[in-house]
Amino acid sequence: MQVDHGQIRTKKSFLPLKLDGWDKSWSPYIYVGRHHTHKIILICKEDLVVTTCAMAATAEIKIGQVDDVQELHRMGLETVPDRYIRDGDDRPDGDNVCALAHIPVIDVGELPGDDELNKLRLACEEWGFFQVVNHGVEEELLDEMENLTREFFMLPLEEKEKYPMAPGGIQGYGHAFVFSEDQKLDWCNMLALGVEPSFIRQPKLWPTSPAKFKETLERYSVEVRGLCQRLLAHIARTLALPPATFRDMFGEAVQAVRMNFYPPCPRPELVMGLSAHSDGSAVTVLQQDMSCAGLQVLKGGAWVPVHPVPHALVINVGDTLEASQVLTNGRYRSVEHRAVTSAEQDRLSVVTFYAPAYDVELGPLPEFVTDEAPCRYRRFNHGEYSRHYVTSRLEGKKTLEFAKIN
Ligand code: OGA
Ligand code: NI
């Protein structure tokens with residue numbers, strides 16, 4: 001695949017498009033260019049354009065006024081702007097919050113012992129969410145990551161805006177998943193960065209302040225990547241698959257991190273910290289501070305708060321894995337979750353998404369397709385899915401419809 005003088009050449013064809021710019025930040029398989037007022041996305045495989053789609057160019061995406069919620073908080077407002085106020089049935093104060101239930105806690109040091117492996121299987125089947133302790137990531141490193149992330153969010157706005165997330169973009173400081181002027185906004189600030197493989201990195205968006213941020217995020221990401229790989233091996237075991245199944249299938253896995261900061265909100269009963277969604281990853285590792293149980297997981301129609309456990313990490317299976325109905329053909333389900341805010345306390349989370357390489361073809365493992373459980377998902381390319389995920393707004397599990405066979 002070559003991009004030459006604003007036109008696209010492939011081995012077997014020539015696309016007569018005049019394009020005036022390229023963004024190769026996603027992967028060698030996804031090209032994003034502009035053609036007049038439209039954004040053109042090309043998904044390529046082995047030098048061939050597999051799919052193209054056109055959407056309104058970035059400049060055409062009108063997202064309206066998006067306030068910085070930390071600045072709103074600093075102003076000491078007693079109410080919140082309209083764009084944050086949810087409709088009645090989309091508010092966090094409903095009677096469907098089940099404060100007494102707890103997501104399972106798994107001791108990674110006990111894996112792959114039979115008892116703990118059984119607990120892990122049940123956690124995946126019944127919850128799609130669990131906390132891990134004894135996980136091998138050093139507590140000092142977790143503390144350091146948390147402190148530096150907090151320091152970053154506490155910087156003056158002008159400083160944070162040196163790393164801007166483009167409208168409709170996904171990396172940098174700002175609001176991801178905002179695509180229209182009438183969309184409700186989340187009470188949250190985000191810093192999102194692609195980490196691995198290195199071609200997804202946008203080094204200009206990595207904060208140089210606080211000074212140790214970059215180096216700590218590097219070390220943290222290596223440790224969390226190792227944990228994801230160990231957990232995936234255990235998860236394979238719970239499905240009676242060889243431990244290397246997912247490692248072999250995923251290729252050079254994609255790793256991204258999103259840091260979420262939820263300032264106190266004067267009307268927490270009216271707003272959402274983060275809209276309900278499932279993650280587009282294979283597994284997600286979420287580190288949260290001890291402030292309050294802001295993360296909630298949907299279980300049997302009720303929202304169950306995840307109470308912070310010191311130095312534990314919250315794991316959930318994303319769309320492409322466990323919860324990943326896709327690989328296991330519905331045996332492990334990806335679970336919707338959301339974040340709510342508090343009037344008194346701010347809250348911080350550092351979230352790592354671990355996903356298959358973009359060029360990996362995903363589909364149900366043959367082991368999980370039987371006459372009784374026929375194939376429910378088509379094979380699809382993970383890069384294609386990622387692009388679909390990040391260009392859709394967060395809305396429950398709608399993004400996974402993409403892979404379903406009707
Ligand atoms: C996410 C997420 C929840 C939280 O970033 O995908 O679900 O508690 N975050 O920050
Ligand atoms: Ni999530």
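Student: In this predicted model, how are the donor residues of the nickel ion (ligand 2) spaced in sequence?

Tutor: The spacing of these donor residues is H-x1-D-x57-H. His 277 belongs to strand β13 (residues 274-277) and His 337 to strand β18 (residues 337-339), so this pair ties together parts that are 60 residues apart in sequence.

Student: What makes His 277, Asp 279 and His 337 donors of the nickel ion?

Tutor: A donor is an N, O or S atom within 2.8 Å of the metal. His 277 (NE2), Asp 279 (OD) and His 337 (NE2) coordinate the nickel ion at 2.1 Å, so they meet that cut-off. Water is not among the atoms, so the site may look incomplete.

Student: Why are strands β15 and β18 called paired?

Tutor: Pairing requires at least two bridges between two strands. Three bridges join β15 (residues 295-299) to β18, so the two strands pair; they run antiparallel. Gln 296 has Arg 338 in β18 as its bridge partner.

Student: Why are β13 and β16 placed at the edges of the sheet?

Tutor: The open sheet has the strand order β13-β18-β15-β16, with antiparallel pairing. β13 and β16 (302-305) each have a single partner strand, so one side of each is left without a neighbour in the sheet.

Student: How do you know that Tyr 262 makes a polar contact with ligand 1?

Tutor: The cut-off is a pair of N or O atoms within 3.5 Å. A polar side-chain atom of Tyr 262 lies 2.6 Å from an oxygen atom of ligand 1, so the pair qualifies. For Asp 279, the distance from an N or O atom of the side chain to an oxygen atom of ligand 1 is 3.3 Å, so this pair qualifies as well. The protein buries 100% of the 290 Å² that ligand 1 exposes when taken alone.

How values were computed:
Residues numbered from 1 in each chain as written. Chains lettered and ligands numbered in written order. Predicted model: local features only at pLDDT ≥ 70, side-chain atom pairs only at ≥ 80, totals over all residues. Heavy atoms only, no water. Donors = N, O, S within 2.8 Å, 3.2 Å for Na, K, Ca; no water. Helix = DSSP H or I, 4+ residues; strand = E, 2+ residues; numbered from the N terminus. Polar contact = N/O pair within 3.5 Å; in protein donor to acceptor, adjacent residues only side chain to side chain. Areas by Shrake-Rupley, 256 points an atom, 1.4 Å probe, with all protein chains shown as cover.
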